[in-house]
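Dear colleague,

I am handing over the structure below, together with notes on some of its helices and residues. Please read the notes with the coordinates open beside them.

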Amino acid sequence: MLIGEVARRSGVSARMLRHYESLGLVRPSGRTGSGYREYSEDDIRRIFHVESLRTLGLSLREIARALEDPGFTPSALVGDLVHRTRERIAAETELLTRLRRIDAAEPGCWDDVLRTVALLQALGSKSAGTRQRAALSADEPPVPVEALAEAALGETDPNVAGALRWALARSGGRGAELLAEGLGSPAAAVRERAVRALAEIPGEEAAGLLRDALAGPDVLVRGQAALALGSRGVADGIPVLIDMIAEGRNDTDAADALSVLAAEDATAEEIASRLVERLAGTSAGAPARGRLTQALADIPGTTASRALVELSHDEDRAVALTAAYLLQLRGHDGGS
């Protein structure tokens, strides 16, 4: 079979077939009387072998070795190909992500594109100062919210993290939705960063995600969600806030959140009742009972006042003294 016919049947151009011959990959078995290349069935089979190996990403040098070296084993080469392919996919994925983020910024001109690229690069800098400056200037031009959310979930420097949360809160859009993915992360640190960022995003969507976080397995995430909801006047986190006080986890902030929620009379009575119930629990030790008693200080209403009167006679002297002092502050004489 002459080279033209081989090219038509194999899909490999005559020029490439000549290139294969120059490299010693595929040599025609014979020549016609006029000197034209003539390929046998074995030659054509070898062409298809070369093309098959090319589809795996092998170089022509690697293909020659695979076909010529009888001692060659493919396992090491295939493993290397897998590694190289993964690296290429990662690089292409990173490029695609960057292009999508630039597109989301809706650049009006190439100067906008260049500024957005510079900000995205700055968010990934090894310098905390550079990352912080990028976050603080994220609205000139606007950095895509996806990039801000990704940076916020991965940031370990507290100052940079604060700047990123601030930028996310200002960005609007899909910030809460993107941070929700962080709440489901297997890494506890990422879950905590997600809930801290959600705490600063206004709106019902963020509040709903914070409510969901109250039922999560991570005590730190539950606590941050309860504090954030408390600052919004949402009472769903009251049980978690009381747990924090009893367990001594950020108990001062938890008590402050309860006092904010107690501005509503009905909520104040609920909080006082729950605190009294926890105080009566057998699992509450002396330090915990002291913190729970102190938490009644800023809870108005008759339930809290009655509880403090009873506690002023508690067998634990520290609890009794704390309750008596709080009664004085409330203008109560402590009598029954």
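The model is a predicted one, in which local features need pLDDT of at least 70 and side-chain atom pairs count only at pLDDT 80 or more, whereas totals for chains, interfaces and linings use all residues. Residues are numbered from 1 along each chain as its sequence is written, and side-chain values use heavy atoms, with hydrogens and water left out.

**Helix pairs**

Two packed helices are described by the angle between their axes and the distance between the axes. Here the axes are lines fitted to C-alpha atoms, for helices over the stretch in contact, and the angles run from 0 to 180 degrees between N-to-C directions. The helices themselves are DSSP runs (H or I, at least four residues), numbered from the N terminus.

Helix α3 (residues 41-55) packs with helix α4 (residues 60-68) at an angle of about 130 degrees, and their axes are 10 Å apart. The two are therefore oblique to each other, given that angles under 35 degrees count as roughly parallel, over 145 as roughly antiparallel, 65 to 115 as roughly perpendicular and the rest as oblique. The crossing of α3 past α4 is right-handed; a crossing has this hand if the near helix is turned clockwise from the far one by less than a right angle, and is left-handed if anticlockwise. On the α3 side the contact (heavy atoms within 4.5 Å) involves Arg46, His49, Val50, Leu53 and Arg54, which meet Leu60, Ile63, Ala66, Leu67 and Glu68 in α4. Sorted by class, the contact of α3 with α4 has 6 nonpolar, 1 polar and 3 charged residues, where Ala, Val, Leu, Ile, Met, Phe, Trp, Tyr, Cys and Pro count as nonpolar, Asp, Glu, Lys and Arg as charged, and the others, Gly among them, as polar.

Helix α8 (residues 145-154) and helix α9 (residues 158-171) pack at about 150 degrees, with 9 Å between their axes, which makes α8 roughly antiparallel to α9. Their crossing is left-handed, and the contact is formed by Val145, Leu148, Ala149, Ala151 and Ala152 of α8 with Leu164, Ala167, Leu168 and Ser171 of α9. By class this contact of α8 with α9 has 8 nonpolar, 1 polar and no charged residues.

Helix α16 (residues 265-280) and helix α18 (residues 302-311) pack at an angle of about 25 degrees, their axes being 8 Å apart, and they are therefore roughly parallel to each other. Glu269, Ala272, Ser273, Val276 and Leu279 in α16 meet Thr302, Thr303, Ala304, Ala307 and Leu311 in α18, and by class the contact of α16 with α18 has 6 nonpolar, 3 polar and 1 charged residues.

**Individual residues**

For accessibility, buried means under 20% relative accessible area, exposed over 50%, and partly exposed in between (1.4 Å probe, protein chains only). A polar contact is a pair of N or O atoms within 3.5 Å; within protein, one must be able to donate a hydrogen and the other to accept it, and residues adjacent in sequence count only if both atoms are side-chain atoms.

Ser10 belongs to helix α1 (residues 3-10) and is buried, with a relative accessible area of 17%. Its side chain reaches the backbone oxygen of Val6 at 2.7 Å, while a polar atom of the Ser10 side chain lies 3.1 Å from the backbone nitrogen of Val12. Not counting residues up to four places away in sequence, Ser10 touches Ile47 and Phe48.

Arg191, in helix α11 (residues 188-199), counts as buried at 16% relative accessibility. A polar atom of the Arg191 side chain lies 2.8 Å from the backbone oxygen of Ser185, and one lies 3.2 Å from the backbone oxygen of Pro186. Leaving aside neighbours within four places in sequence, the contacts of Arg191 include Asp218 and Val221.

Asn250 sits in the loop between α14 (238-247) and α15 (251-261) and is partly exposed at 36% relative accessible area. Most residues other than glycine have a negative phi. Asn250, although not a glycine, has a positive phi of about 50 degrees.

Glu205, in helix α12 (residues 204-213), is partly exposed, with a relative accessible area of 45%, and touches Ala176 and Glu177, not counting residues up to four places away in sequence.
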